[in-house]
Each structure stands twice: as C-alpha cells, then as structure tokens.
Amino acid sequence: MFRQLSLLFLALSGAIYAHAQQPDKTLWYKQPAQYFEESLVLGNGTQGATVFGGIKSDKIYLNDASLWSGEPVKADMNPEAYKGLPAVRKALKNEDYKTADKLNQKIQGKFSESFAPLGTLFIDFGHGATAQNYYRDLNLSNAVSSLNYDVDGVTYSREYFVSQPDQVMVIRLKSSRKGALSFALKFNSLLKNTVILANNTLKINGYAPVHVEPSYRRVAEPVVFDPAKGTRFTTLYSIKTTEGNIVTTDSTLGLTGGTEALVFVSIATSFNGFDKNPATEGLPNEQIATNRLTKAMAKSYAQLKQAHTADYQRFFNRVSLNLGNSTAPKLPTDERLKRYADGAEDKQLEMLYFNFGRYLLISSSRTPGVPANLQGIWNPYMRPPWSSNYTTNINAQENYWPAELTNLSEMHRPLLTFIGNVAKTGAVTAKTFYGVGGWSVAHNSDIWAMSNPVGDFGSGAPSWANWNMGGAWLSTHLWEYFVFTQDKDYLRQEAYPLMKGAAQFCLEWLVEDKNGKLITSPSTSPENQFIAPDGYKGSTLYGGTADLSMIRECFLQTIQAAKTLNADPDFRAKLEQALARLYPYQVGKAGNLQEWYHDWPDVDPKHRHQSHLFGLYPGHHIRPDQTPELAQACRKTLEIKGDETTGWSKGWRINLWARLWDGNHAYKMYRELLHYVVPDGVKTDYARGGGTYPNLFDAHPPFQIDGNFGGTAAVAEMLLQSSETDTRLLPALPDVWDSGSVSGLRARGGYELSLNWAGNRLTSVTISSKTGGQTKLISGGKTKDVSLKPGEKMVVKW
C-alpha cells in the first residue's frame, strides 16, 4: 500500500510543479534538451551556462564573455587604403557602378575574430537512464533553473544558477533517498587545455586560438593556435558535501553514496582590455578563478542563492507587464509555442517572451567594454555563425533597444564603454581607410574593438564589407543613455566627446552632388543591392538613403548635446549648416521611401534589411505627426517588403509598425516572431523562416539573440513612446490587448511610468522623476502637461 501511495505521489509531482509556476515567468518542459535550441541558458553578465538537463548524463556548455580568439588589432593594417577613394568616386561620377564595386573592394581590411566556446561540463550519474515524471524549468523571477525526475522510486533534483555577486556557477543536486546520489564530473573543450586534479578540485587551464576565420570562409587553416599567444582561461570544479565519498581519476571528480551536494564552477580569463595582449599583459586568470572558488565554497547554499536572487531581482523586478486575462491551458513551453503558431490565444506566452528578453539582457550584459554579441554569451561552436561577433549594421545595436525603455540602463553600459574603445581604433580607421578625421566603425567588430571594413583586403562583397556608418549609428546610443538618465556629467565627460568624433567623421566624409547637396560617396545600403538602368546589379553608389538617415540623426543629437552643455558653438554651427544641405529624402514612384539616390529597384524587394527607414526607428526624425509624408512612405516600403523575414528583421519591423502607431499590424508581426521553429535536425512543417525555437531563442535562423531583444523592445514601444518633449501612452495598443497594465517603463526626459488601461483606453498613469522636468502626456486624442519636481511622483487619471 505504501509503495502504491509513493508511486501516486511521484506521478502527481510533475503536474504540481507545472501548476505552481507563473506562466508569464517560467519556461518548462517534460523532457531533457536534445538540441542547443531546446536548452535553458543562465548567466551573470559574464559567465554563461547552457543547461541540457539530461537524466543519465547532464551536459552544460560554458562560456565567458571575454573569451575570444585573437589579440589587439593593428588598426593601421591598410595604411594607404584611402588613396583608392578618388578612383571610386570617379567611377561613380561616370555612372560606372561595376567598376566602382571592384575599386571599392580595395578599401578593405581583415575579418573580425570569433567568440569562443570555453568547454562542456558533463555530469554523469550512477542511476538508470529511464525516468518518470520528468520536469525542468527556468524561473525568470529568480534566474534559477531546476529539474526533477524519478528513477527506481527515488526523486532526483537539481538547481542551477550563475551568481554575479560570487562570480561562480552553483549546482545543487539532491536525492530523496539517503545515499542514492552518485555522479562524476568531467570536462571537454575544443580549445587547447590541460586537466589537473589537485586537492579534490578539477582544474583546467587553456587558451583560445590566435585567429579563427568566419564560418563562411573556406581556407586551409581556419583555426590557428599559438602557445605563446591568445587569451588564457581557467575553469575549476569542486564538490561540497556532508556525506558520501569524493572519488577521483586523473580527469574526473565525483561523489558516491551522497544525498545532497553542491557543485561549484569557477571561470576566469586573462582578458585585460581591448588594447592589452592577453598572453603577456593579461590578468592572472588562475589566481582569480581560485579566489572566487575559495570564497564561494565558504558560504552556505542559502547564502549563495539569496545573494544571487537579490542581485538579479533588483533589475528584473523593476518592470511588470499584464496583458489581461488568458484562457490558454498550462502547457510546456514548446507545446505552447506550437499551439500559438496555430493561432490560439496565449497572452501569458506573449508576456513570457517580453520577460525573457529582459532576463537575457541582465544575464548577458554586465561586463565593461564587452557587450552582448550575436549569440549573447551562449555559443558552443569553434566557428560560430557570423563569428558570434558585433555586427554593427543592426545586430549589435538591436541587442540594446530594450535597455533604457525597459529600465535596464545598467545593462546598456557594456555597449557604451565598448563605443569608447572602438572610437580609438576607429580614429585610425577614419584616417587610413577614408582620409578624414573623427572615428568610424564598419560592418563588423569584436572584443578587440576592430573598426576597419572587412573583406580580407579585397575579397568581400561591397554590399556588406564596405559599409562604414557604424560609428554614426552607435553614437546614438550615447545620447539615448543621456536622455533617459539625464546624467549631464556623463554627457559632458563621456558621451559628447564620442558623439562629436562620430559627427566629425560624417562631416568630413560628405561630398557635394551635382546640385550642391551633401551626400556620401562611395555609399552602400547594408547587404542590399540595386538594379541600375543598364541592368547591372550593384552595391556601390552615392547618396544612399541609409547613410544620410544615420548622419541626420547623428547631427541632430550632437547639436542637441552641444546645446545642452552650452558648448562648441562653432562646431555646432558647422553641423547645422551641413544638416540643412543634406540631400533630402525622396519618395519613389511606388510611394515608397527610396533606398537609393535614384528611384531604382532592389535586387530583392523583400530584403531583410530596411536600413533606409532608420529615421523612423530606431531614429526619431520621422514621425507620423511631424513628417506625415515620410511616415507614409515608410509604411509603403514595409508593405512592399511584406512581413515574412528573418527573426531579427521581424523584431525591427515590429518596432517600425509601432512607430507608425499601427498596433494591430505590430501585433500581427509579434505573433509571427513567436512562430515555432523546430531545432536543428528535426523536420516538420513548422520550420519556415524566422521565428522562435523551443527554448524561446530567436531563430534567424540559426539562433541570433538580437531578435529576442527586438521583440522585447517592440512590446514596450507599443505601450510607450517618448521624445525629449512628449510621452505617448499606448500609441500602438493592439485590439487584443484590450485591458492590462505595465509598471516601471522609462521615458526620455528621465521619467518612470506605470500605466493602466481598459476597453483599449488608458485609465490612469503614474509618473515619477528623479531629476524633475516637464513633459506632455498624449493618449487617445487627449494631452496633459505634467511638471514634476525632483523625486516627485504623480498619479494622473485619464
């Protein structure tokens, strides 16, 4: 009878776990992960862990945000590249675009380095491989992953988290029967390494390659190791238990006959800054890892978990979203996605995706000078897709779209400090590749702040390799940080000098067209191509709309920054004069916003990039109320492109539709962003284009984290948009979100707001400001002027 009751309890346990969770803050599954895109990711902003939750053997991919291939870049790698510019411009003046493309390839440098996989931790268990009542989850409310399952009448459980305060990963393992817990730890890495077992600690020292070629390049030696070069790493593993026996071999560390144990994972690298040789000027990685492990092991599990939870929740709990009642059943996350893809209602899933994006940013972006990359901080591949680098023609910036609006300003700082780094190499790039002052960044960068146009000195296609507006785009993040925080000291000391440098590059890069208007030449539009009148499919032209849009935004913000600081009147006047002379936007014969100087067709009218719409989003100088003709042209462009595109591009287009104040279309695309995509190796009809993998990772495909961040930002943009003078509440609220609330969103001007709505109309807003100020609240055709003193909070009924 007792055994029957025990089995009944075990059978019910999985259902109990599922119903105890918050559906808008929990990812959960009834089986272990088989593929990377089914795993659950953890991170403290530097160290990342990808947990598969296996039964007989668990697998955990490990990463460190600072572990990359390479070493400090030689920014003057092509010192006379700029001398090729006159020939490119001459070809363009003669409308010889084929020759211009070929000549533009001479203005290229090396490829970026790659984000490296540290290695894989395996936990092999002493019990059978067949389990009942399997359950695993990731709780976004405390950044802890857990799992439970039963084998031969014993319940086994694990909890995992990566602590920022203690800088270690902690895993707690338990069995319900005394003495039933037995396991062994082992480590494997694609990097060069040695394994040593000493004092019941598994110690691995290794180093990253000095160079890794992008995965799309076919070369004889794509991965190059040099024992005297490259970033060093140390990872340590130790077990803490009060019972059972610690057992070892020459390469494994384990426990037999235990009931509860803690596994500690400590990681450190020698990376010491973008301009320091990690092999000869690096940090003492082994000493750092050892100190972290020693301090963490002296604490109890309760102390470690409490510190981790408190640190994480001070960021995550700032924002709360409620999109109204949902009738969706409580299903595992993968099953919810499939059901949602069939058109079912699931507001909790829509909230979960928003919350997951904020979770990912907290978990991947807390390392100064090292922003989240294309895969955040989670990568198992030696040659990851697109080198898992910083792609600055959209992707690196999209990672940070939700940072200020969703109250995670601290997570923005790694990108902002990185901009300071890349401005230094970018000044050399501006001089040697373009023959001008200021600083610039091209299509790709990496941890070494590489800024040159890529292409291996002439083999890259100009459509992506030669684009050079990354500095202008990145500089807008500096101004965004200021307008949300109102930190004038930051603006004066850090942001404005960098903004001025980006604007200086643009100012000197501009040339006159035949009518005296200022344009860029040569110019490209990220990764897109035009069809010239003679049928040539080209990339290099003059006066591309994307270039001029980013320059406009850069000039407008730099002018405003100078005014705010009451500084640089002469330079400000130069920018104002140049701004007035920029070649204006053009509306094409189809009613679209022209992407090219001439009204030429695209090679691919539905191309995933929409860089020429930058002024609408993420820029601010195209608005439906202030520039209606241009806003309508943007709408027509989006209609021509259609809605089917890659994951990150969907994220961008949702934000664009939100800025057009079309909530229903934005919501339509948000649903499509959550379109279920099967993980690698599985074939079903769901796998069509971009969308979302079972673990909620964005599918480009393959996985790119930017789509997650774009989607999270888009939800916030649908609910709140702001400028330095006005704040729009529910500007793109879809009909289906007819009632709800959100608290903790931030607006430009230094405000924090909470909104309540019902019947698709705003009912009340609470607004506060640490610095004080005035803004105009706008919603539903009504406006209210609000003036706040520093620290004041005000409730406004609508």
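The talk below goes through a sheet, a helix, cavities and pockets.

Trainee: What should I keep in mind before starting?
Mentor: This is a predicted model, in which local features need pLDDT of at least 70 and side-chain atom pairs count only at pLDDT 80 or more, while totals for chains, interfaces and linings use all residues. Residues are numbered from 1 along each chain as its sequence is written, and side-chain values use heavy atoms, with hydrogens and water left out.

Trainee: How do I read a sheet, and in what order do the strands of the open sheet lie here?
Mentor: Strands (E, at least two residues) and helices (H or I, at least four) are DSSP runs numbered from the N terminus, and two strands pair if DSSP finds at least two bridges between them. Here 7 strands form an open sheet in the order S2-S3-S4-S5-S10-S17-S16, with antiparallel pairing. Strand S2 (40-43) and strand S16 (245-248) stand at the edges with a single partner strand each, so one side of each has no neighbour in the sheet. On average, neighbouring strands of this sheet are turned by 20° against each other, direction ignored; the axes are lines fitted to C-alpha atoms.

Trainee: Which residue in S3 is the bridge partner of Leu42?
Mentor: Ala49 is the partner. S2 and strand S3 (residues 47-51) pair in the antiparallel sense over 4 bridges.

Trainee: How can I check a helix, and how many residues of H7 are buried?
Mentor: Compare its span with the expected one, which is 1.5 Å times one less than its number of residues. Helix H7 (residues 347-364) has 18 residues and should span 26 Å; its end C-alpha atoms are 26 Å apart, so the two agree. H7 is mostly covered, with 17 of its 18 residues buried, where buried means under 20% relative accessible area with a 1.4 Å probe, protein chains only.

Trainee: What about empty space?
Mentor: Rolling a probe the size of a water molecule over the atoms shows where empty space is left. On a 1 Å grid over the protein atoms alone, a cavity is a set of points where a 1.4 Å probe fits but cannot get out, a pocket is an open set with protein on both sides within 12 Å along at least five of seven lines, and lining residues have an atom within 4 Å of a point. A volume is the space filled by probe spheres set on the points, which are joined across faces, edges and corners.

Trainee: How many cavities of 30 Å³ or more are there?
Mentor: The structure holds 7. The largest has a volume of about 220 Å³, and among its 20 lining residues Trp401, Glu480, Tyr617, Pro618 and Arg748 lie nearest its centre. Helix H12 (470-485) is one of the elements supplying at least two lining residues, and H12 gives the largest share, 5 residues.

Trainee: Which element gives the most to the lining of the largest pocket?
Mentor: H14 does, with 6 residues; this helix covers 545-565. The largest pocket holds about 510 Å³ of space. Of its 27 lining residues, His620, His621, Arg623, Ser723 and Glu724 are the closest to its centre.

Trainee: And the second largest pocket?
Mentor: Its volume is about 390 Å³. Of the 17 residues lining the second largest pocket, Asn407, Arg746, Gly750, Glu752 and Lys770 are closest to its centre. H12 gives the most to this lining, with 3 residues.

Notes: Axes fitted to C-alpha atoms, helices over the stretch in contact; angles between N-to-C directions. Buried < 20%, exposed > 50% of the residue type's maximum accessible area, 1.4 Å probe, protein only.
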